[in-house]
Amino acid sequence: MLRSIIFDMDGVICDSEALHMQAFQEILKGQGVMITDQEYYDKYLAHDDRGSFEAALQAHQHPRPDVNVMNGLLSAKARVFDGLMKERMVIYPGADVFVKKASQKYSLALASGARRLEVEYVLKKAKIRDIFAAIVSADEVKNGKPQPESFERALALLNQMRLDGTREIQASETVVIDDSPRCIRTAKALGMKTVGMATSYKPEELKEADLVVTSLAGLELELLEKLFA
């Protein structure tokens, strides 16, 4: 049976993937690396910032950056993205309503490839910050999404928060809502059910998910519960 839900943030709760791409492209351009929109969505969207830079530089035959260079890239991207986020980031209609409704029945966690500051900004803007029992950002894990650590840590934190004496929540009792095919694949490999959010990719590109939706607005919990029937 369904007992917990793990949400992604970018592309699920807020419309911000294009802003991440724009900031990423701008910083890479300064390194002499030009990437197209399609390359970003095909290869880098599911990664956290560090993983995106490492993958893009390697793909364009650039040497692996040392710690100082990488920290400079991350800081520069953060500055550009923060400016874009405050100007143009929007919360998806109905996302806050669905999260609040889901919290009345299930334990909720958020597992994001975004920085903690970005996560806090978005959740506070959506007025759902205190609803999540567990929050995992890129700053809390060694190996960010699409690696499994974020999902595993989110579930572990939910179990640490249990106060009712019930047994531990299992991966098989968890559904992940994410917009990335790679993250969908990772969650399924962990034994979790998956809902693909078709905001960054076409529905057919999320076909590995157990359920594909285009919005949280109007999504009924019964559809998630039926995945466990």
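Which element gives the largest share of the lining of the largest cavity?

1. In this predicted model, helix 1 gives the largest share of the lining of the largest cavity, namely three residues. Helix 2 and helix 3 join helix 1 as the elements that give two or more residues to that lining. A search of the whole structure turns up one cavity of 30 Å³ or more, and the space in the largest cavity comes to about 200 Å³.

2. The largest cavity has 21 lining residues, and those nearest its centre are Asp10, Glu17, Leu45, His47 and Gly113. Sorted by class, its lining holds nine charged, seven nonpolar and five polar residues.

3. By class, the lining of the largest pocket divides into eight charged, eight polar and six nonpolar residues.

4. The second largest pocket has a volume of about 200 Å³, and among its 13 lining residues the closest to the centre are Ser107, Leu158, Arg162, Asp164 and Ile169. The lining of this second largest pocket consists of seven nonpolar, four charged and two polar residues.

5. Six strands make up an open sheet with parallel pairing, and their order is 5-4-1-6-7-8. Strand 5 (134-136) and strand 8 (211-213) each have a single partner strand and stand at the edges, so one side of each is left without a neighbour in the sheet. From one strand to the next, the twist averages 20°.

6. Within that sheet, strand 1 (residues 4-7) and strand 6 (residues 174-178) run parallel and are joined by four bridges; Ser4, for instance, has Thr174 in strand 6 as its bridge partner. Helix 7 (residues 149-160) packs on the sheet, where it touches strand 1, strand 4 (107-111), strand 5 and strand 6, and the direction of helix 7 makes about 160° with that of strand 5. Helix 8 (residues 181-189), in turn, lies across strand 6 and strand 7 (193-197), and runs at about 170° to strand 7.

7. Helix 3 can be read together with the helices around it. The buried residues in helix 3 include Asp49, Gly51, Ser52, Phe53, Ala56 and Leu57, and what covers the buried residues of this helix includes helix 1 (17-29), helix 2 (37-44) and helix 4. Just after helix 3, Gln61 adopts a positive phi of about 60°.

8. Leaving aside residues up to four places away in sequence, Pro65 touches Leu57 and Met70, and Leu57 is itself one of the buried residues of helix 3. The C-alpha atom of Pro65 is separated by 38 Å from that of Ser215, a residue 150 residues apart from Pro65 along the chain.

Note on methods: Residues are numbered from 1 along each chain as its sequence is written. This is a predicted model: local features need pLDDT of at least 70, side-chain atom pairs count only at pLDDT 80 or more; totals for chains, interfaces and linings use all residues. Side-chain values use heavy atoms; hydrogens and water are left out. Two strands pair if DSSP finds at least two bridges between them. Axes are lines fitted to C-alpha atoms, for helices over the stretch in contact, and angles run from 0 to 180 degrees between N-to-C directions. Contact means heavy atoms within 4.5 Å. Ala, Val, Leu, Ile, Met, Phe, Trp, Tyr, Cys and Pro count as nonpolar, Asp, Glu, Lys and Arg as charged, and the others, Gly among them, as polar. On a 1 Å grid over the protein atoms alone, a cavity is a set of points where a 1.4 Å probe fits but cannot get out, and a pocket is an open set with protein on both sides within 12 Å along at least five of seven lines; lining residues have an atom within 4 Å of a point. Grid points are joined across faces, edges and corners, and a volume is the space filled by probe spheres set on the points. Buried means under 20% relative accessible area, exposed over 50%, partly exposed in between (1.4 Å probe, protein chains only).
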